[in-house]
Amino acid sequence: MTLIDTKTLKIGAITKVIDNGDDAPGTILENIKKEFKDLFYKLDIVMTKGQWNYKTLSNIDKTNVFLLFITKCEVVAKKIDVKPISFICIERGNYSINK
């Protein structure tokens with residue numbers, strides 16, 4: 001989510017919101033600030049939004065990371081065996097999709 005998304009949805013009222021410190025699309029763990037990385041690995045559950053987070057976080061060594069995105073790219077849609085422009089929520093590493 002962008003910081004604008006979190007403000008619009010008032011997510012800060014129910015949880016702490018921090019920026020990862022990197023302008024790259026997705027979350028590239030080697031590039032993010034220490035505060036974000038420490039919190040990322042400490043949390044029991046992480047929810048991400050966007051196809052770029054799927055691309056950058058789908059193979060990390062952490063469980064309970066859930067990836068929410070729309071398959072905008074045919075390559076990604078084929079990889080997880082869904083149609084393009086599908087709304088997806090998968091756990092990192094788990095590509096079995098219920099159709």
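## Elements around the largest pocket

At least two residues of the lining of the largest pocket come from each of helix 1 (3–8), helix 2 (34–42), strand 1 (46–49) and helix 3 (51–57). Helices (H or I, at least four residues) and strands (E, at least two) are DSSP runs, numbered from the N terminus. The model is predicted: local features need pLDDT of at least 70, side-chain atom pairs count only at pLDDT 80 or more, and totals for chains, interfaces and linings use all residues. Residues are numbered from 1 along each chain as its sequence is written, and side-chain values use heavy atoms, with hydrogens and water left out.

The largest pocket holds about 1,000 Å³ of space. Among the 31 residues that line the largest pocket, Met1, Thr6, Ile18, Phe36 and Met47 are the closest to its centre. By type, the lining of the largest pocket comprises 17 nonpolar, ten polar and four charged residues. Here Ala, Val, Leu, Ile, Met, Phe, Trp, Tyr, Cys and Pro count as nonpolar, Asp, Glu, Lys and Arg as charged, and the others, Gly among them, as polar. On a 1 Å grid over the protein atoms alone, a pocket is an open set of points where a 1.4 Å probe fits, with protein on both sides within 12 Å along at least five of seven lines; lining residues have an atom within 4 Å of a point. Grid points are joined across faces, edges and corners, and a volume is the space filled by probe spheres set on the points.

Three strands make up an open sheet of mixed pairing, in the order 1-2-3. Strand 1 and strand 3 are the edge strands; each has a single partner strand, so one side of each is left without a neighbour in the sheet. From one strand to the next, the twist averages 15°. For such angles, axes are lines fitted to C-alpha atoms, for helices over the stretch in contact, and angles run from 0 to 180 degrees between N-to-C directions. Two strands pair if DSSP finds at least two bridges between them.

Strand 1 and strand 2 run parallel and are joined by four bridges. Across this pairing, methionine 47 stands opposite phenylalanine 66 in strand 2, and lysine 49 has leucine 68 of strand 2 as its bridge partner. Strand 2 (residues 65–70) and strand 3 run antiparallel, with five bridges between them. Here phenylalanine 69 has isoleucine 88 in strand 3 as its bridge partner, while isoleucine 70 stands opposite phenylalanine 87 in strand 3.

## Faces of the strands

In a regular strand the side chains alternate between the two faces of the sheet. On strand 1, Val46 and Thr48 form the covered face, and Met47 and Lys49 the uncovered one. On strand 2, Val65, Leu67 and Phe69 form the covered face, whereas Phe66, Leu68 and Ile70 form the uncovered one. Buried means under 20% relative accessible area, exposed over 50%, and partly exposed in between (1.4 Å probe, protein chains only).

Methionine 47 belongs to strand 1. Apart from its neighbours within four places in sequence, methionine 47 is in contact (heavy atoms within 4.5 Å) with Phe66 and Leu68. Methionine 47 and lysine 7 are separated by 40 residues in sequence and by 17 Å in space, C-alpha to C-alpha.

Glutamine 51 lies in helix 3 and counts as buried, at 13% relative accessibility. With neighbours within four places in sequence set aside, glutamine 51 is in contact with Phe69, Ile70, Thr71, Lys72, Cys73 and Val76. Between glutamine 51 and leucine 68 there are 7.7 Å in space, C-alpha to C-alpha, and 17 residues in sequence.

## Exposed loop residues

Lysine 10 is located in the loop between helix 1 and helix 2. The phi angle of lysine 10 is near 55°, a positive value in a residue other than glycine, and lysine 10 is exposed at 62% relative accessibility.

The loop between helix 4 and strand 3 contains aspartate 81. Phi of aspartate 81 is near 60°, again a positive value in a residue other than glycine, and the relative accessible area of aspartate 81 is 51%, which counts as exposed. Lysine 83 lies in the loop between helix 4 (74–79) and strand 3 (87–91) and is exposed, with a relative accessible area of 66%. Not counting residues up to four places away in sequence, lysine 83 touches Thr71 and Ala77. Lysine 83 is 32 Å from aspartate 19 in space, C-alpha to C-alpha, and 64 residues from aspartate 19 in sequence.
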